Amino acid sequence: MGFEINGKTYETDEEGYLVNLAEWDEEAAKYLAIEEKVEMTDQHWEVINFLREYYNDYQIAPAVRVLTKAIGKKLGPEKGNSKYLYELFPYGPAKQACKIAGLPKPTGCI
Amino acid sequence: MQMLHIVNKSPLDRNALDSAMRMAKPGSTILLIEDGVYAVTKGNKAEGQIKEAMKNCSVCALWPDLEARGMQDTVIDGVKQVDYNGFVDLVAESKSVMSWL
Amino acid sequence: MEEDMSGTVKKFAFINRKAPYGTIYALESLEVVLISAAFDQDVSLVFADDGVYQLKKGQATKAVGMKNFSPTYRALEGYDIEKLYVEKESMEARGLTTDDLIVDVEVLDAAEMAALLEEQDVVLSF
C-alpha cells in the first residue's frame with residue numbers, strides 16, 4: 001500500500017501509517033492530513049514538528065498523556081492540554097498527529 | 001511465604017542460578033525446574049552453592065524433571081522434591097514469583 | 001492476576017537480565033513497560049546481569065540494521081517511570097560505572113536488590 005506525489009512514492013501500512021520514517025516530507029504530511037480530514041494550520045504544524053523532534057530524541061511516538069505533558073512544558077500550558085490538542089486533531093492527537101508526522105502508531109495508544 | 005525464585009537453566013550453562021542466589025533474600029524459596037535441576041545433583045559444580053543456600057533458604061526441585069534427566073538418585077540431601085501439584089502449591093503460597101530466565 | 005485491579009496500585013518490577021539486540025527480550029520489556037505506564041501502577045525497572053548493557057551509552061546500530069532503542073530509556077521519565085535500579089555487582093563485573101549509562105539510576109547491591117524484589121507484588125522477568 002502507499003501513495004504517490006509528484007512521482008515520489010510513499011509506502012504505508014494497512015492503517016495508513018508511513019512504513020519508512022525517512023520518506024516523510026511536508027508533501028506527505030499534507031497528503032496524510034487530507035486523508036485524515038485535518039486542515040493544517042500553523043498550530044497543527046507546531047504539533048507535527050514537535051512530534052518529529054520527540055521521535056528523533058526518543059525513538060518512540062509518545063502516548064497522548066505524555067505528548068500533552070511534553071507540549072505543555074515546551075509550548076506552554078495553553079497548548080499542553082487535551083482540549084487544545086483534540087481541537088486540532090479530533091480523532092486523537094497521538095494517533096492522528098503521529099500519522100501525519102510520519103511516525104509509527106504510539107505504543108500503548110488507547 | 002516469602003518470594004519464590006524459579007531457575008530453569010543449568011548452572012554450568014548460564015548464570016541464572018548465581019544471580020538468583022545473590023538476589024534471593026534469606027527466608028525465600030528457590031525452586032529448580034527443567035535444566036535447572038542439575039544444580040541439586042551431587043558432584044555438580046553448584047553443589048557447594050546449593051548447600052550454602054540451604055542454610056537460609058528452602059531449596060526445592062521438580063522431580064519429574066530430575067527423573068526425565070536420569071538424575072533422581074543423585075539429589076543432594078536436604079533438597080525438597082516436589083511434583084507438579086507441589087509446584088502449583090509453592091506458587092500459590094508465595095507472596096510473589098520471579099523467574100530467572 | 002485474577003483480581004480486579006481498578007483503583008488499587010500495585011508494585012510492579014520489571015527485571016531485565018539480557019543484553020540488547022542479541023535477543024528480543026530487552027525491546028519487548030521496554031514496550032511492556034511503556035504500555036504499563038498507562039495503568040498508573042508503581043513501576044520499578046531493575047537491570048541486572050547482562051541487562052545492564054541495555055543502558056550503555058553510545059549504542060549505534062546503523063551497521064547491524066536494527067533499531068537503536070536505547071534513547072527510549074530517556075523517555076521513561078516523561079511516562080512517570082522514574083525508579084530505575086542497577087545491581088552493583090552486575091555493573092562492576094562488566095567494567096561499567098553510572099557514567100557509562102544513558103539514564104540516571106539508583107545502584108543497589110545484591111542484598112538491597114533482594115529487599116527491593118521482596119517488596120514487590122508482581123515481578124516480571126525479561
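The legends below describe close-up views of a predicted model, chain by chain and then at the chain contacts. Local features need pLDDT of at least 70 and side-chain atom pairs count only at pLDDT 80 or more, while totals for chains, interfaces and linings use all residues. Residues are numbered from 1 along each chain as its sequence is written, and chains are lettered from A and ligands numbered from 1 in the order in which they are written.

**View 1. Fold of chain A.** Chain A has five helices and two strands; helices (H or I, at least four residues) and strands (E, at least two) are DSSP runs, numbered from the N terminus. Along the sequence the pattern is β-β-α-α-α-α-α. The radius of gyration of chain A is 13 Å, close to the 13 Å given by the globule rule for 110 residues, so chain A is as compact as a globular protein of that length. This radius is taken over C-alpha atoms, and the globule rule is 2.2 Å times the number of residues to the power 0.38. Taken along the principal axes, the C-alpha atoms of chain A fill a box of roughly 40 × 25 × 20 Å.

View 2. Of the 110 residues in chain A, 32% are buried. A residue is buried if 20 or more other C-beta atoms lie within 10 Å of its own, exposed if 12 or fewer, and partly exposed in between, with C-beta atoms placed from the backbone. Two residues are in contact if their C-beta atoms, placed from the backbone, lie within 7 Å. Among contacts in chain A with a separation of 6 or more, 53% are between residues 24 or more positions apart.

**View 3. Fold of chain B.** Four helices and five strands make up the elements of chain B, in the order β-α-β-α-β-α-β-α-β from the N terminus on. With a radius of gyration of 12 Å, close to the 13 Å that the globule rule gives for 101 residues, chain B is as compact as a globular protein of that length. The box filled by the C-alpha atoms of chain B, taken along the principal axes, is roughly 30 × 30 × 25 Å. Buried residues are 39% of the 101 residues in chain B. Residues 24 or more positions apart supply 66% of the contacts in chain B with a separation of 6 or more.

**View 4. Where chain C meets chain B.** Contacts link 16 residues of chain C with 14 residues of chain B. On the chain C side, helix 3 (110-118) and strand 5 (122-125) each supply at least two residues. Helix 3 of chain C gives the largest share of that side, six residues. By class, the chain C side has nine nonpolar, two polar and five charged residues. Ala, Val, Leu, Ile, Met, Phe, Trp, Tyr, Cys and Pro count as nonpolar, Asp, Glu, Lys and Arg as charged, and the others, Gly among them, as polar. Of the two pairs of chains in contact, chains B and C share the most contacts. No contact joins chain A and chain B, and their closest C-alpha atoms lie 25 Å apart.

**View 5. Two loop residues of chain C with positive phi.** Most residues other than glycine have a negative phi. Tyr21(C), not a glycine, has a positive phi of about 75 degrees. Tyr21(C) lies in the loop between strand 1 (11-16) and helix 1 (25-36) of chain C, and counts as partly exposed because it has 17 C-beta neighbours inside 10 Å. Asp49(C), also not a glycine, has a positive phi of about 50 degrees. The loop holding Asp49(C) runs between strand 2 (42-47) and strand 3 (83-87) of chain C. Asp49(C) counts as buried because it has 24 C-beta neighbours inside 10 Å.
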